[in-house]
Amino acid sequence: MGATVDHLESHHRYTVIRGFTDAKGVRVPFEASGVIRMIDISDDVTEIYIDWEREGVAPGGPTERLTFLMKATDGPRTNHMRTYFEKGDLVMPPRERKPAAAAPSPAAPPAPQADPSLARFEGLHPQEEICLNENRVACGCDPAFHRTVWPLAQLGVNACLRCGAVTVTRQVGDDGHHTGNAWTAYWTVPTSQVIVDWLAQFPRMNIAYGGAPWRWPMAAELVRYPILVYPADTRVADQASLDALEARLGAEQAAQSRAWCIGSACTNISAVPPDVPEALNAFIVARHALYIRPGSDLDILKSHAHLRSPSCELAADLLLRRPDAYGVMMEWLGSADANTFSAGVAMLRDARRIFSGPDDPRLAPQVLRILDGLSLEPAKDVPGRVETCLRFESFLVAIADLGANSPAMLDGLSALAAKLHGKDRYVADAARVVMNELNGVDNRPPEYRKS
Ligand SMILES: [Zn+2]
């Protein structure tokens with residue numbers, strides 16, 4: 001309960017980046033994805049148990065158990081989990097979770113409550129590890145005022161929109177699946193006030209985890225949840241002011257790019273202080289990105305624009321302002337180098353700026369030509385998939401994000417789905433999902449559609 005192994009922790013989505021078979025013979029292929037709900041160590045400390053909701057196997061249902069031996073010398077094991085699992089977003093368990101048969105009924109985790117005793121810190125960061133229970137900020141205000149600080153880092157950084165307090169936390173929890181006791185709690189991570197004051201200069205955001213388009217299980221780096229961004233100095237006194245502020249910011253940001261929303265909320269963030277811990281490195285990268293320009297070194301822009309970089313959207317926006325943006329993007333989209341390709345996808349999905357519209361006559365032919373040139377050789381370790389499946393999926397997500405719904409693009413996607421049929425049904429299905437989205441057809445299963 002609450003155990004972690006390397007970067008594995010409960011309530012985060014993980015994508016398998018190298019297939020494996022666990023100690024009990026459970027086969028998990030490359031690209032399998034799921035949400036870890038519990039990590040435990042056997043009483044005699046010989047085995048690691050990971051219970052996860054694997055996509056396609058146990059979505060929202062009973063978890064699948066993976067077992068790894070402590071003394072293993074190959075495969076997933078302590079200190080080597082990063083070779084096998086890529087960490088994605090936090091996915092909290094649904095509140096109305098069905099208990100497993102014969103398990104005690106898990107109580108829903110209590111809603112966060114204001115804790116007046118936390119007012120004792122008077123806006124300063126606690127210099128000890130204390131449990132904040134469900135609260136993410138060490139202040140006495142109502143948790144309704146608490147927001148995530150941009151960018152997301154390995155450690156949680158959250159701020160209060162009412163009193164301004166900023167707190168660095170790590171999260172622990174259990175969904176109650178085995179214990180009947182669901183809980184999530186945040187522990188403060190002692191951090192020097194100098195560093196906390198620097199973190200406090202970054203904007204706050206509200207992430208709508210339920211608001212991403214309904215597509216298919218994919219690498220976390222390709223999923224973008226809608227966000228609302230608040231400048232760092234935003235303060236509200238009460239719920240009515242918060243509602244009014246969010247209505248105003250929502251209206252302002254609705255028609256703007258994410259890069260604009262983030263960039264315009266970042267003002268006067270001072271130089272990186274010494275000794276910022278590695279787990280807050282995302283803030284250092286983001287601060288650097290605020291000081292690069294469209295004319296900066298192309299390799300620096302490219303590394304910032306990687307889909308896994310916290311500065312991805314800012315850098316992609318700078319790249320798209322370059323006079324040679326179109327040529328750079330198409331070259332990168334055709335590159336064999338995975339990092340270069342990643343930056344190309346980051347540009348393509350936000351490339352409205354350089355196209356006259358989704359009907360731009362250059363777009364469909366060039367993108368479809370690159371797609372047509374991708375290898376259809378089977379993947380070595382994964383039956384039923386082509387070795388270029390991640391490339392196809394990245395293109396499909398970018399085309400959908402861009403809203404490139406010209407007849408030429410739709411015809412091309414239809415041809416792609418037909419071509420992949422029998423070679424990689426996941427890519428073929430993904431192409432159909434994107435076609436539906438571009439045609440305005442609801443991809444959600446019926447039970448999720450509004451009546
Ligand atoms: Zn507060």
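Let's start with Asp424 and Arg385, whose side chains meet in a salt bridge, 3.1 Å from N to O. By salt bridge I mean a side-chain nitrogen of Lys or Arg within 4 Å of a carboxyl oxygen of Asp or Glu. Asp424 sits in the loop between helix H11 (407–420) and helix H12 (425–438), and Arg385 in the loop between helix H9 (363–373) and helix H10 (389–402), so this pair ties together parts that are 39 residues apart in sequence. Helices here are DSSP runs of H or I with at least four residues, strands are E runs of at least two, and both are numbered from the N terminus.

A word on where this comes from. The model is predicted, so local features need pLDDT of at least 70 and side-chain atom pairs count only at pLDDT 80 or more, while totals for chains, interfaces and linings use all residues. Residues are numbered from 1 along each chain as its sequence is written, and side-chain values use heavy atoms, with hydrogens and water left out.

Back to our pair: are they buried or exposed? Asp424 is buried, at 0% relative accessible area, and Arg385 is buried too, at 7%. Buried means under 20% relative accessible area, exposed means over 50%, and partly exposed is in between, using a 1.4 Å probe and protein chains only.

The count of salt bridges comes to 29. Another one joins Arg308 and Glu86, at 2.9 Å from N to O. Those two are 222 residues apart, with Arg308 in the loop between helix H5 (298–304) and helix H6 (312–320), and Glu86 in strand E7. Arg308 counts as exposed at 52%, whereas Glu86 is buried at 15%.

For contrast, look at Asp429 and Arg432, bridged at 2.9 Å. Both lie in helix H12, three residues apart, about one turn of the helix.

Now, which residues hold the zinc ion? Cys139, Cys141, Cys160 and Cys163 coordinate it through their SG atoms, at 2.3 to 2.4 Å. Donors are N, O and S atoms within 2.8 Å of the metal (3.2 Å for Na, K and Ca), and water is not among the atoms, so sites may look incomplete. The angles between the four donor atoms run from 106 to 114°, which makes the arrangement tetrahedral; for four donors, that label needs all angles between 85 and 135 degrees. Along the chain, the donors follow the spacing C-x1-C-x18-C-x2-C. Cys139 and Cys160 are both buried, while Cys163 is partly exposed, at 39%.

Terms used. Four donors count as tetrahedral if all angles lie between 85 and 135 degrees; four count as square planar and six as octahedral if opposite donors are over 155 degrees apart and all others between 65 and 115; anything else is irregular.
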